[in-house]
Amino acid sequence: MAVQPIRLFGDPVLRTVAEPVVDFDRELRQLIQDLDETMREAAGAGLAAPQIGVSLRAFTYHTSDEEHGHLINPELTVVGDEYQFGEEGCLSIPGLSFDCRRHMLVIAKGMNMYGDPVVIEGSELLARCIQHETDHLDGVLFVDRLDAETRKAAMKAIREADWAGEPVPVVKESPHRLFGRAT
C-alpha cells in the first residue's frame, strides 16, 4: 500500500467522467488499498480514484468505525425527498468547507474489488459522503452544488488559497481504461 498525492482543484482529471471498471484484478485491489491508505492519511471521509489521478469509477469511504469500505461502478438512488444542509469539504480543495445541500437518504449499488455485488444504504454523513464521491466519478465537485452566493465565496477562497496555482501533475493513463471501450 502507498499513500498517493491528491489532485487539487484545477486538475483536469477532477472534471472528467471516470471510466467504468471492467477488470477486477490485482491492480484494482492495489488501487483500492492506495485509495484507503491515502484517505486515512489525509483524515478524509472518502476518496475517489480521480482524486489520485486514476479515471476509474471507484471510491473508498470511512465515516465511522461501522461505516467504511469501498464501492466500484456505483449506481446511486435517492430515497425520499428529505434533504440535509451542512458543512462539506473535499481533500481536493484542502482547508476549505462550505454549507452544501444533499439528500438525506441514498442507496448505492455497485461492486467490491472482487466483482461481488454490494449495496450501501446511507443517511446523514454516509449519504453525504456517497453523494460527494459519486459526484467525483462524474466530474462534479461539491462547489458545483453550492447556492450561487456560497459558490462565489468558495471560488474566491479557492483562488486565494495558498495551494492555488500549483503545477498540475501529468495524469497517468490506467491500463484499465483500455479495456471495454470501443475503438
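Predicted model: local features only at pLDDT ≥ 70, side-chain atom pairs only at ≥ 80, totals over all residues.
Residues are numbered from 1 along each chain as its sequence is written, and side-chain values use heavy atoms, leaving out hydrogens and water.

**The whole chain**
- The chain has 183 residues, and 44% of them count as buried (under 20% relative accessible area, with exposed over 50% and partly exposed in between; 1.4 Å probe, protein chains only).

- Helix 1 covers residues 26-41, 16 residues in total, and reaches 22 Å from first to last C-alpha, close to the expected 22 Å at 1.5 Å a residue (1.5 Å times one less than the number of residues).
- Its buried residues are Leu 28, Leu 31, Ile 32, Asp 34, Leu 35, Thr 38 and Met 39.
- Because they cover an arc of only 160° around the axis, they sit on the same side of helix 1 (the arc is that of the directions from the helix axis to the C-beta atoms).
- Arg 26 and Glu 41, on the other side of helix 1, are exposed.

**What helix 1 packs against**
- The buried residues of helix 1 pack against strand 1 (46-48), strand 2 (58-62) and strand 3 (68-78).

**After helix 1**
- Ala 43 follows helix 1 and has a positive phi, near 60°.

Definitions and conventions:
Helix = DSSP H or I, 4+ residues; strand = E, 2+ residues; numbered from the N terminus. Contact = heavy atoms within 4.5 Å.
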